[in-house]
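Dear colleague,

Please find below the structure that I am handing over to you, followed by an account of what was found in it.

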Amino acid sequence: QGPIMVWVAEHRLHHRYSDTGLDPHDSNRGFFYAHIGHLFYHKDFEDNPEQWVKYVPDMANQPYYRFLNTYNIPIALAFLPLLYWVGGLSWVLWGGFARVVLMLHATWFVNSACHFFGYRNFETRDRSTNCWWAAILSAGEGWHNNHHAQPSCAAHGRMPWEFDLTWMVIRMLEKLGLIWDVRHPVPVRAASPNRDLVEHGTY
């Protein structure tokens, strides 16, 4: 999905200007534009580090993230020779390229479908929705209205029926002591979308 710091910067920009003209994938321009159409437009924001780096100061100071950002394409391609060695060209096509295309569309549905279809647990100032089939495809990311209401929270599924595989993995890693400072959800009724956004620097 591109250099990691640019991706995070665009994601934070999306939260700040969601469903407005400054949103990198503004849903008001239609489903296709929000899903994939925006990729066909040149974005000065992506080409100018001075513009996007101010959205990722927490990452820009860490050599690990700078390395991932600089060498994102070689890292993405590094696995292909191993796939070819194990299973030949078919493994490269299905385990490499087809897998990436399917993964990209699953994540792009969060930008598109989750601003058009579904229901809302929170009254946010954008069009974000919780779309169950997008949540299945994206391991929980489709509970997008919940995420927009509390973007700093690591859990996206908030209701009993909102299955969130990503949150389950995060909780397991936290219990094993491999990650820390995880932001847990507050009760749905007590959550304040605007306050959470402001307090954690999304606006």
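A nonpolar patch on the surface is formed by Phe163, Leu165, Met168, Val169, Met172, Leu176 and Leu178, which together have about 700 Å² of accessible area. Patches are built from residues with over 30% relative accessible area and no salt bridge, like charges being joined within 9 Å and nonpolar side chains (Val, Leu, Ile, Met, Phe, Trp, Tyr) within 5 Å. Accessible areas come from the Shrake-Rupley method with a 1.4 Å probe, and for residues only the protein chains shown count as cover. Helices (H or I, at least four residues) are DSSP runs, numbered from the N terminus. Leucine 176 is exposed, at a relative accessible area of 57%; the classes used are buried under 20%, exposed over 50% and partly exposed in between (1.4 Å probe, protein chains only).

Two points on provenance apply throughout. This is a predicted model, in which local features need pLDDT of at least 70 and side-chain atom pairs count only at pLDDT 80 or more, while totals for chains, interfaces and linings use all residues. Residues are numbered from 1 along each chain as its sequence is written, and side-chain values use heavy atoms, with hydrogens and water left out.

Salt bridges

The structure contains three salt bridges, a salt bridge being a side-chain nitrogen of Lys or Arg within 4 Å of a carboxyl oxygen of Asp or Glu. One of them joins the side chains of arginine 12 and aspartate 58 at 3.0 Å, N to O. Because arginine 12 belongs to helix H1 and aspartate 58 to helix H5 (residues 57-60), this pair ties together parts that are 46 residues apart in sequence. Arginine 12 is partly exposed, with a relative accessible area of 30%, and aspartate 58 is also partly exposed, at 42%.

In another salt bridge, glutamate 174 pairs with arginine 171, their closest N and O atoms being 2.8 Å apart. Both residues lie in helix H12, three residues apart, or about one turn of the helix. Arginine 171 is partly exposed, at 26% relative accessibility. The side chains of glutamate 123 and arginine 120 also meet in a salt bridge, at 4.0 Å, N to O. Here glutamate 123 is exposed, at 66%, whereas arginine 120 is partly exposed, at 29%.

The second largest pocket

The second largest pocket holds about 640 Å³ of space. Of its 21 lining residues, the closest to the centre are Gln1, Gly2, Asn72, Ala76 and Val100. A pocket is defined on a 1 Å grid over the protein atoms alone, as an open set of points where a 1.4 Å probe fits, with protein on both sides within 12 Å along at least five of seven lines; lining residues have an atom within 4 Å of a point. Grid points are joined across faces, edges and corners, and the volume is the space filled by probe spheres set on the points.

Helix H1 (4-16), helix H7 (72-77), helix H8 (80-87) and helix H9 (89-111) each supply at least two lining residues. H9 gives the most, with six residues. By class, the lining has 16 nonpolar, four polar and one charged residues; Ala, Val, Leu, Ile, Met, Phe, Trp, Tyr, Cys and Pro count as nonpolar, Asp, Glu, Lys and Arg as charged, and the others, Gly among them, as polar.

Most residues other than glycine have a negative phi. Aspartate 19 has a positive phi, near 60 degrees; aspartate 19 lies in the loop between H1 and helix H2 (31-35) and is buried, with a relative accessible area of 10%. Alanine 139 likewise has a positive phi near 60 degrees. Alanine 139 is placed in the loop between helix H10 (132-137) and helix H11 (144-149), and is partly exposed at 26%.

Threonine 20 is found in the loop between H1 and H2. The C-alpha atoms of threonine 20 and aspartate 126 are separated by 8.6 Å, at 106 residues apart along the chain. Valine 8, in helix H1, is buried at 15% relative accessibility. Valine 8 and methionine 59 are 51 residues apart in sequence and 9.2 Å apart in space, C-alpha to C-alpha.

Yours sincerely
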